[in-house]
Each structure stands twice: as structure tokens, then as C-alpha cells.
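The entries below are in the order in which I made them.

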Amino acid sequence: MPVKTLASCLLLFSLAFLSCRGRFTHANRVIVIQPLGDFSSAQSELVYRQLSKINPGIIVRSAIPIPAATYYPPRDRYRADSLIKYLSSRFGHADTVIIGLTSKDISATKNDIKDWGVMGFGYSPGNACVVSSFRLSKANQQEQFYKVAIHELGHTQGLPHCEEKTCFMRDAEGGNPLNEEKDFCPACKSFLKSKGWRLK
Ligand SMILES: [Zn+2]
Ligand SMILES: [Zn+2]
């Protein structure tokens, strides 16, 4: 093969490779919904419908038992960090983010507090998070559940907590400020859009 032809072949090959990489870099990850224990299938379905609007690549798995090893007897609740570790090691993949759904109370270590009850938990960035309905308002539980779900998914994408009081990425600081949260603020929204999320 003449050197010139070889050079143009190589050029074409690298362009094809680069365009492929470009496409995949901006593609959002597949969200895997994993109901745990007795979490209602109707509520899993609702979360699926809500999340599919922002990320069409999404599946719901059948429920699995909540892993007994994550139970924390002194407070009768489950360790969110252990749940995430379990979900990540069992189903984790670079192209997916797993969201565990539970009706049980969950907790994690926060600074000096060894076992701090939380509504949800997710590492920033990470490939798994968990959301609990236990601490949510009974009056509008489904709406609150969705807000916690997108907050934790936001962490998995790399977002930290946000100072804006109406932003979904606000730190709950042990309370339940979810009714004050209205949307992602412009900065958090543009970050998530850059990750492929379909946000208006
Ligand atoms: Zn958070
Ligand atoms: Zn924000």
C-alpha cells in the first residue's frame, strides 16, 4: 500500500474512532432500578416512569431481598453505605447506575456520627445509590421520593450538595426540606445536561 494511502487510511480510522468515543462520552448511563424487599411494585413502576423522562435508558429489576448483612440492630435499620457496596459489587458497571429502593429506614456515617438516619445515600461520583421512603412525608410521599431519587442520582453523576435552598441538590442536614425544593438550580441543571440528562 502506498504511504499516502496508508496515511489516509490511518486518518480515517482515527476519525472514526474519535467520533465513536465522542458519542459514548456524552451518552448517559443506563439507570437500573432495584427494588429491595417489600418495596411496592406500583411505586417502582412510578419511579421508572418519572426517571425515564430524564433518562430513557432505564430498566426495573424484580425485587430482591434486602441483604441481611446490611442490617444494623442497635437502631433497627439498614446501613446505606453497605447497601450501596452490595448493589455496586453485584450489579455495578461503568455504563450503569443502580438505584436501590426501600421502605426500610437507612443510615450512614456522617462526620463524627456513626449511624445517622438518611432519606437516601449516594457517592459523588458513583455507580450505585439507595433511596428510602421511611422518613418521607405521608402526605406527598411519591413526590418526595422522586426528589430524593434524583438527588442521589445527581450525586452519582458527580454533583456535590448545593447552597440553593430550592435546588434538588440541597443538603437535607437531618431534616426534610423536600417541599422547599422546586427544581435543579441552573448550575446543577447544566452539569446534569452535560451528562446527557434530559432536563427542561
Ligand atoms: Zn446528598
Ligand atoms: Zn443546585
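**Entry 1: V97.** Leaving out residues up to four places away in sequence, V97 touches R29, I31, N127, A128, L153 and T156; two residues are in contact if their C-beta atoms, placed from the backbone, lie within 7 Å. V97 is buried, with 26 other C-beta atoms within 10 Å. A residue is buried if 20 or more other C-beta atoms lie within 10 Å of its own, exposed if 12 or fewer, and partly exposed in between, with C-beta atoms placed from the backbone. I also noted N28, which is 69 residues from V97 along the chain, with 9.8 Å between the two C-alpha atoms.

**Entry 2: conventions.** Residues are numbered from 1 along each chain as its sequence is written, and chains are lettered from A and ligands numbered from 1 in the order in which they are written. The model is predicted, so local features need pLDDT of at least 70 and side-chain atom pairs count only at pLDDT 80 or more, while totals for chains, interfaces and linings use all residues.

**Entry 3: strand β5.** V97 lies in strand β5, residues 96-102. Helices (H or I, at least four residues) and strands (E, at least two) are DSSP runs, numbered from the N terminus. Six of the seven residues of β5 are buried, so the strand is largely enclosed by the rest of the structure. I then listed its partners; two strands pair if DSSP finds at least two bridges between them. Strand β1 (residues 30-35) runs parallel to β5 and is joined to it by six bridges, with V32 the bridge partner of I98. On β9 (residues 128-132) I found five bridges to β5, also in the parallel sense, and here I98 stands opposite A128.

**Entry 4: the five-stranded sheet.** The sheet is open, with the order β2-β1-β5-β9-β8 and mixed pairing. β2 (58-60) and β8 (120-122) are at the edges with a single partner strand each, so one side of each has no neighbour in the sheet. The twist averages 15° from one strand to the next; angles run from 0 to 180 degrees between N-to-C directions, and axes are lines fitted to C-alpha atoms, for helices over the stretch in contact. β8 and β9 run antiparallel over three bridges, and G122 stands opposite C129. Helix α3 (residues 80-91) packs on the sheet, touching β1, β5, β8 and β9, and its direction makes about 135° with that of β9. Helix α2 lies across β1, β2 and β5, at about 165° to β1.

**Entry 5: α2 and α4.** How do the axes of α2 and α4 cross? The axes of α2 (residues 41-52) and α4 (residues 141-157) come within 11 Å and cross at roughly 55°. The two helices are therefore oblique to each other: angles under 35 degrees count as roughly parallel, over 145 as roughly antiparallel, 65 to 115 as roughly perpendicular and the rest as oblique. In this contact Q43, L46, V47, Q50 and L51 of α2 meet Q142, F145, Y146 and A149 of α4.

**Entry 6: the other sheet.** I found an open sheet of four strands, in the order β3-β4-β6-β7, with mixed pairing. Its edge strands are β3 (71-72) and β7 (113-118). β6 (residues 106-110) and β7 run antiparallel over four bridges, with S107 opposite G117.

**Entry 7: the chain.** I counted five helices and nine strands in the protein chain. Of its 200 residues, 33% count as buried.
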